[in-house]
Amino acid sequence: MEPEYESQVNKRKLWLTIAKNEIKLRTSSFRNNRKRFFIFSYLILILWAFIIAPLLFDSFMPTIAAQNAGIFKPVVALLIESFMMILFLIILMLPLNNVYNKDEKGVKESLVASPVLARDIFLGEFLGKLPLYTFAVLIFAPIVVGMINPIIDLTVIQYIIIYTCAFGLVYFANLIGSLISSWLEHKILKSESARDWGKALIMILTIVMVIMMYAVIFFINEILMNPELKNWLSFYPSLWFSNIILYGIDPLLLNSYILNIWFSIGLAICIPLMILYLSYKKAHVFYSLEGISTKSTSVTKQGRNFYSMINKLAGRKFGGLVIVQMKLFLRKKANLARIAYVLGSVGFMAWFTSSTMDDYKGLILSSSILIVLGGLVSSIMLGHLIFINTKDIIWVYKKSPRGIKGLVYSYLLNMLVIGIFISLFITILHSLFAKIGLLDAVIFFSLFLAYIPISMLQSIGLQCLNPAFGEKDSNMKSNSIISMLIMQPAIMMPIFFLIFFNPETVLMMRIVMLAPVFIFNILVGTILLYIGMKKLNKIE
Amino acid sequence: MESYAIRTHELTKSFGSILAVNKLNLKIPYGKTYGLLGPNGAGKTTTIRMLNGIISSNSGEIYITDKDIKSHEKYVKMISGFLPESPGLYQKLSAREFLIFIGELYYLPKSVIISRVEELLELFGLSERANDLLEGYSRGMKQKVCLCAALIQDPQIIYLDEPTSNLDPAIARMVKDLIKELVVRADKTIFICTHQLDVAQELCDQIGIINNGILKIEGSPTEIIENTGAKNLEDAYLKVMGVSKMEDLLSWRENGEFNKKVVTSGKGKVKKRKRVVV
Ligand SMILES: Nc1ncnc2c1ncn2[C@@H]1O[C@H](COP(=O)(O)OP(=O)(O)OP(=O)(O)O)[C@@H](O)[C@H]1O
Ligand SMILES: [Mg+2]
């Protein structure tokens, strides 16, 4: 290589190029007026941060403060701490959520072909995300500030401290999240099956995070009584940053800590910078450009009886197709995590509703609500997955004499089969918690099972109208939101009709609560599905 | 009226403002191999998709074995096999499972599917890895699976979109021989889209060259070469397309910024390209 050429390559900051590209990718929907988009949204956010939010919190925080005059400062301190703890976790999780959904293998390959190094890509991708994380800070930091301002009347210096800490925390969390996700993606979970497990794991981590949030709320008193408990968490990075803020507000707030202000500042500055430097220098350790190797996996004869049973259940015409759907569905471990999520959340509701109702009418009410919730959760968690990874397969169905119907019906039947297991599990839980008899259990099971495919009609119909071929497609989000909106009336209906008609007998109660919901969903669902399949048949 | 395997009349298709296929008239007799050639974006894939009933046309008619595709959609889909341009596969199925699934899509009886699948897997040398998930297959292997899928219902008309582009030379040879066999022994009608002129010349009884959705010229390979006064099919193709001189194509190198900076790495590559005299 000519020396002149080489120096030119070295002079160019490739990570900067990559960072810019990353920003472009993330703002592609505003590609025609990107500059205006940034200026406009930053203006709005600054308006929110420095004018609207302070006014808003000023209006109601003082009254709350007056009511709880004595303990207010420690409470605010704890709120700030837990808020930042959770923020740190959320931001850290964000890159993890995207690990297995990058469909950029081809792009990565052309990057490898260029003189770019692993460290450039890592740093570039990290920096490219920062402007969007800055949005996040400008949205959330005013809430923290708003909680403090009315009581303490923050000085300009305190403002600066708080915002600096918030930015520091968010960027640092993002850095750690990017590190872990790169490491997972490039070094650990290389085979397809490992990636599957990784996806399932991340799904479970998300659930754990939600549990942590609740834990903070539940244990808030405990921690207020014994502030030294927090010392157990002094390694947790968000505490370094929140300590600085607390010290800025009132140095006394830090008294019960091992970490004094100098340690906190030292850790908050040195650790992130050190990690950033090291990760840039040692990027090859956790980031490889080799791409993902797919080990070939053989299918086993396992579960043969199971599948032949389904074949019989689904009938001659659809048996084979349903089995294909079933295999596809169950071979993705992330889907198993989703089923677990459905079982967990509906199971929790089964415990919750049956423990609050004591008479027979209450029982009917709780089981009706459970049926509706079961349909809602499974339709949102599972029904929307119909077109995942079928972008090219759609053509295969279209080409065949069965057409798109083959896909839609076999998926629906597959959901019915999976619904059997979900219904069975929930019925057992419900019977145990509510101590119902066999007849009631059978009725509950049949209604629960019937409602799953019925409620899925609309989610599948929505997907046909606007298919999402990847789990992280924007269509997926919008479809799920529409789906939830459509299901809103379904949740309200049982209680509404119960109050409105006030039926006397148990049978009438069941009919009044469930018949309108079933009819509503069948109507809306079939209409959506009908229009959706028409549209999908015309896809080009 | 004479009977044709495939006949189109003023077939037109546009995507928004893009006219992909423009008043195409085709007449393909039974038992012949037809090759549709043309540059990228010429409308080949669009044509093939319309002939298969996968997408609908804006205007014009299609008759497959003299049956109007609009009123005989199911029949047309049953008698035609299609190898798509990009392999549409379920990554989480094994090759065997996938082919059985395709058989199910075509309403074949179970016993027929099983024997047919084994036959095809054997033929394409996939038997050994037939139980591996398709996600671990190489591109060429996926192509082979798709070829098997196109043949599974023993279709009368076979559409192949870039059939040999990702295959190794030995398999490409085999596929070419297979196509010949299918025509000679089983009397199939075959419709091929390709960029590979040697494939077209070897296999096709008739060739059409399409550009911007318009059929430019049609005939047997020798007819086309004679009519254009060219030396070979490649020459004829370039003439029909009106490709400008190589010197024109390279003129950008003389006055570009590029010249001054990254000369050494670029030069060798460009020179290696085949020189074409028009
Ligand atoms: N689904 C679609 N939506 C919009 N435009 C399309 C669609 N499919 C094809 N086109 C356009 O129609 C034209 C013809 O495309 P087609 O795929 O038929 O070309 P082709 O001859 O098969 O090219 P290649 O050799 O690259 O495969 C192109 O301009 C393409 O952009
Ligand atoms: Mg094409």
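Reader: Which element gives the most to the shell around ligand 1?
Author: Helix 1 of chain B, with three residues. Keep in mind that this is a predicted model.

Reader: Which elements supply at least two residues each?
Author: Strand 2 (18-28) and helix 1, both of chain B.

Reader: How many residues surround ligand 1, and which are the closest?
Author: There are 14. The closest are B:Gly41, B:Lys44, B:Thr45, B:Thr46 and B:Glu85.

Reader: Which chains do the surrounding residues come from?
Author: Chains A and B, so the site is shared between chains.

Reader: How do they divide into nonpolar, polar and charged?
Author: Five nonpolar, six polar and three charged.

Reader: Now the contacts. What lies 2.7 Å from an oxygen atom of ligand 1?
Author: A polar backbone atom of B:Gly41, for one. An N or O atom in the side chain of B:Lys44 is also 2.7 Å from an oxygen atom of the ligand. B:Gly43 comes in through its backbone: an N or O atom there lies 3.0 Å from a ligand oxygen.

Reader: How much of ligand 1 does the protein bury?
Author: The protein buries 69% of the 630 Å² that ligand 1 exposes when taken alone.

Reader: Switching to the metal. What are the protein donors of the magnesium ion?
Author: B:Thr45 through OG1 and B:Glu85 through OE. They lie 1.9 to 2.2 Å from the ion, which is ligand 2.

Reader: Is B:Thr45 buried or exposed?
Author: B:Thr45 is buried, at 16% relative accessible area. The cut-off for buried is under 20%. B:Glu85 is partly exposed, at 44%.

Reader: Back to strand 2. What about B:Val21?
Author: B:Val21 has its place in strand 2 of chain B. At 0% relative accessibility, B:Val21 is buried.

Reader: What order do the strands of the open sheet have?
Author: The order is 2-1-4-5 in chain B, four strands with antiparallel pairing.

Reader: Which strands stand at the edges?
Author: Strand 2 and strand 5 (67-68) of chain B. Each has a single partner strand, so one side of each is left without a neighbour in the sheet.

Reader: How many bridges join strand 1 to strand 4?
Author: Five, between residues 6-15 and residues 59-64 of chain B, running antiparallel. In that pairing, B:Ile6 stands opposite B:Ile64 of strand 4.

Reader: Over to chain A. Where does A:Ser264 lie?
Author: In helix 11 (residues 261-281) of chain A. A:Ser264 counts as buried, because its relative accessibility is 0%.

Reader: Which side chain does it join in a polar contact?
Author: That of A:Asn243, at 3.2 Å.

Reader: Last one. Is A:Leu321 buried or exposed?
Author: A:Leu321 is buried, with 0% relative accessible area. It lies in helix 13 (residues 304-330) of chain A. A:Leu321 and A:Ser410 are 89 residues apart in sequence, yet 5.8 Å apart in space, C-alpha to C-alpha.

Note on methods. Residues are numbered from 1 along each chain as its sequence is written. Chains are lettered from A and ligands numbered from 1 in the order in which they are written. This is a predicted model: local features need pLDDT of at least 70, side-chain atom pairs count only at pLDDT 80 or more; totals for chains, interfaces and linings use all residues. Side-chain values use heavy atoms; hydrogens and water are left out. Donors are N, O and S atoms within 2.8 Å of the metal (3.2 Å for Na, K and Ca); water is not among the atoms, so sites may look incomplete. Buried means under 20% relative accessible area, exposed over 50%, partly exposed in between (1.4 Å probe, protein chains only). A residue is near a molecule or strand if one of its heavy atoms lies within 4 Å of it. A polar contact is a pair of N or O atoms within 3.5 Å; within protein, one must be able to donate a hydrogen and the other to accept it, and residues adjacent in sequence count only if both atoms are side-chain atoms. Accessible areas come from the Shrake-Rupley method with a 1.4 Å probe; for residues, only the protein chains shown count as cover. Ala, Val, Leu, Ile, Met, Phe, Trp, Tyr, Cys and Pro count as nonpolar, Asp, Glu, Lys and Arg as charged, and the others, Gly among them, as polar. Two strands pair if DSSP finds at least two bridges between them.
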